[in-house]
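User: I'm new to this one. Can you walk me through it?

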Amino acid sequence: MDRSSPVPLYYQLSQQLEAAIEKGRLSPGSRLGNEVELAARLGLSRPTVRQAIQSLVDKGLLVRRRGVGTQVVHSQVRRPLALSSLYDDLEAAGQRPTTLVLHNAVEPAAAPVAAALGLAEGAEVHRVDRLRSAHGEPMAYLRNHLPPGLLPLDSAELESTGLYRLMRAAGITLHSARQSVGARAAGAAEGKLLGEDTGAPLLTMERRTFDGAGRAVEFGSHLYRASRYAFDFQLLVRT
């Protein structure tokens, strides 16, 4: 702790604990000492330690359980805005991703999907809906549309790996994408699926992915739990 810093001590402590959680030094299920023990060990006041812990409870990184104490729940997933798959990003972060396929079928394309893929409205497209979890906790609801016949989409394979891995394995080059990020409130069905209350904030992402020839090969429309997920941006100054 830097006691000469203008940054409050509780905030310094909360940042150090959050960094330890994100880097895996404090893994899910780890217990923190009680406030009295932590305060004594760190040479801080009990209110300072309580405020630091509460800030991480509010972020959903820690939970207080009667008879157990304060435990690490998980770290928030921070995903770069890059042409990568959620499965790969979760796996790289040590989040142990799992997938449940909710829908996997060929169907007529609605107008927005047809426009995104450069097809006629009503043309056949392959739609896949999946629930992606990390550490057994729902993270995202993923809906993807692909041109029919692009590659086999077996539900068992989709539950064992990521869609982009399957596409690359089929020889499809993922060259570029156009992506938009937004937010909205969860509907009742979405909230139930993701473990959030109706009206809870959800992050939205739509992405059109193109191959090396400029052909649209995938249109994704995804929902993420705002309490568990964030997009990271790197901004450059234009001179």
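Analyst: A term to start with: buried means under 20% relative accessible area, exposed over 50%, and partly exposed in between, using a 1.4 Å probe and protein chains only. This is a predicted model: local features need pLDDT of at least 70, side-chain atom pairs count only at pLDDT 80 or more, and totals for chains, interfaces and linings use all residues. Residues are numbered from 1 along each chain as its sequence is written, and side-chain values use heavy atoms, leaving out hydrogens and water.

User: Is tyrosine 10 buried, exposed or partly exposed, and what about tyrosine 11?

Analyst: Tyrosine 10 has a relative accessible area of 24%, so it is partly exposed. Tyrosine 11 is partly exposed too, because its value is 39%.

User: How many aromatic pairs are there?

Analyst: The structure holds 1 aromatic pair. Tyrosine 10 and tyrosine 11 form it, edge-to-face, with 6.4 Å centre to centre and 80 degrees between the planes. Rings of Phe, Tyr and Trp (its six-membered ring) pair if their centres lie within 6.5 Å; planes under 30 degrees apart count as stacked, over 60 as edge-to-face and the rest as tilted.

User: Zooming out, how many helices and strands does the protein have?

Analyst: There are 8 helices and 11 strands. Helices (H or I, at least four residues) and strands (E, at least two) are DSSP runs, numbered from the N terminus. Of the 239 residues, 42% count as buried.

User: Which residues of H2 are buried?

Analyst: In helix H2, residues 35-42, they are Glu35, Leu38 and Ala39. Seen down the axis of H2, these buried residues fall within an arc of 100 degrees, so they line one face of the helix. The arc is that of the directions from the helix axis to the C-beta atoms.

User: And which exposed residues are on the face turned away?

Analyst: Ala40 and Arg41 are the exposed residues there.

User: What do the buried residues of H2 pack against?

Analyst: They pack against strand S1 (31-32), helix H3 (46-58) and strand S2 (62-65). Contact means heavy atoms within 4.5 Å. Just after H2, glycine 43 takes a positive phi of about 70 degrees.

User: What is the strand order in the open sheet of 3 strands?

Analyst: The order is S1-S3-S2, with antiparallel pairing. S1 and S2 stand at the edges, each with a single partner strand, so one side of each has no neighbour in the sheet. Two strands pair if DSSP finds at least two bridges between them; S1 and S3 (residues 69-72) have 2 bridges. Leucine 32 stands opposite threonine 70 in S3.

User: New topic. How many residues of S9 are buried?

Analyst: S9 is mostly covered, with 7 of its 10 residues buried. Threonine 209 lies in S9, which spans residues 201-210, and threonine 209 counts as buried because its relative accessibility is 0%.

User: Which side chain does threonine 209 have a polar contact with?

Analyst: The side chain of tyrosine 164, at 2.9 Å. A polar contact is a pair of N or O atoms within 3.5 Å; within protein, one must be able to donate a hydrogen and the other to accept it, and residues adjacent in sequence count only if both atoms are side-chain atoms.

User: Which strands pair with S9?

Analyst: S8 (residues 176-185) pairs with S9 in the antiparallel sense over 10 bridges, and 9 bridges join S9 to S10 (residues 216-225), also antiparallel. Serine 176 stands opposite phenylalanine 210 in S9. Glutamate 206 has serine 221 in S10 as its bridge partner.
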